[in-house]
Amino acid sequence: MVQTAVYPGSFDPISLGHLDIIERASSIFDKVIVAVLINTDKKGFFPIEERIEMIQLVTSHLPNVEVRGFSGLTVNFLKEAGARVIVRGLRVVSDFDFELQMANANRAMEPQIETLMMMTSPNYSYLSSSLVRQVMHFGGNLEGFVPGPIIERLKQNYYK
Ligand code: PNS
């Protein structure tokens, strides 16, 4: 049986921490779907299409990784995709409360769906998409924050 995992998130934009989780998950599961939330309540900074393109750009070396947008509940997306596992990254202890709440809510709705937490590599434990956006906004150096090809893209499209 093909074991598919879904890595859901906002990815606004993808960081090196996200990529670390995607690469490690892709070495464990047959297939990994990176699911980018299309949130109608919270617009976010980068358009969904661009977030998806950026993830595709930096995961092109991983043949078992697919990137898709989704709206609604993550568990419904998993059911439609025929997946049973949600992968999420834990950076620091303060992430745990939110992740536990989400995992329990998802389990209450769909008991057969498991959430697997992967510890983010310590090198990236300080990273977040909002930090990336802040550094970008003030024209700071994004090395160590986002993958190289993304830096180039952000410089071309967003740096003044
Ligand atoms: O990258 P983020 O913003 O931490 O990701 C959060 C995400 C997208 C995983 C979460 O908000 C989510 O799953 N949203 C879809 C709605 C849903 O299923 N909520 C959780 C159970 S109520």
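Author: What follows is a set of questions on the ligand, the pockets and the backbone of this predicted model.

Reader: Which residues surround the ligand?
Author: Pro8, Gly9, Ser10, Leu37, Gly72, Leu73, Thr74, Arg88, Met102, Asn106 and Met109 do. Each counts because one of its heavy atoms lies within 4 Å of the ligand.

Reader: How much of the ligand does the protein bury?
Author: Taken alone, the ligand exposes 550 Å². The protein buries 71% of that.

Reader: Why do you say that the ligand sits in the largest pocket?
Author: Because more than half of its atoms lie within 2 Å of the grid points of that pocket.

Reader: Which elements give two or more residues to the shell around the ligand?
Author: β1 (4-9) and α4 (96-109) do. The most comes from α4, with 3 residues.

Reader: How does the shell divide by class?
Author: It has 5 nonpolar, 5 polar and 1 charged residues.

Reader: How much space lies in the largest pocket, and what lines it?
Author: About 1,200 Å³ of space lies there. The lining has 46 residues. Closest to the centre are Gly9, Ser10, Phe11, Arg88 and Phe98. Two or more residues each come from β1, α1 (16-26), α2 (48-58), β4 (85-90), α4 and α5 (129-137). Here too α4 gives the most, with 7 residues. By class, the lining divides into 20 nonpolar, 17 polar and 9 charged.

Reader: What makes Ile86 a lining residue of the second largest pocket?
Author: Ile86 is listed because it has an atom within 4 Å of a point of that pocket. Others in the lining include Phe96, Glu99, Arg107, Glu114 and Met117. About 160 Å³ of space lies in this pocket.

Reader: Which elements and classes make up that lining?
Author: α4 and β5 (114-119) each give two or more residues. The largest share, 7 residues, is from α4. The classes are 6 nonpolar, 3 polar and 3 charged.

Reader: Where is the cis peptide bond, and what is its omega?
Author: The bond runs from Asp12 to Pro13, with omega near 10 degrees. Pro13 lies in the loop between β1 and α1.

Reader: What is the phi of Phe11?
Author: Phe11 has a positive phi of about 45 degrees, although it is not a glycine. Phe11 is placed in the loop between β1 and α1.

How values were computed: Residues are numbered from 1 along each chain as its sequence is written. This is a predicted model: local features need pLDDT of at least 70, side-chain atom pairs count only at pLDDT 80 or more; totals for chains, interfaces and linings use all residues. Side-chain values use heavy atoms; hydrogens and water are left out. Accessible areas come from the Shrake-Rupley method with a 1.4 Å probe; for residues, only the protein chains shown count as cover. On a 1 Å grid over the protein atoms alone, a cavity is a set of points where a 1.4 Å probe fits but cannot get out, and a pocket is an open set with protein on both sides within 12 Å along at least five of seven lines; lining residues have an atom within 4 Å of a point. Helices (H or I, at least four residues) and strands (E, at least two) are DSSP runs, numbered from the N terminus. Ala, Val, Leu, Ile, Met, Phe, Trp, Tyr, Cys and Pro count as nonpolar, Asp, Glu, Lys and Arg as charged, and the others, Gly among them, as polar. Grid points are joined across faces, edges and corners, and a volume is the space filled by probe spheres set on the points.
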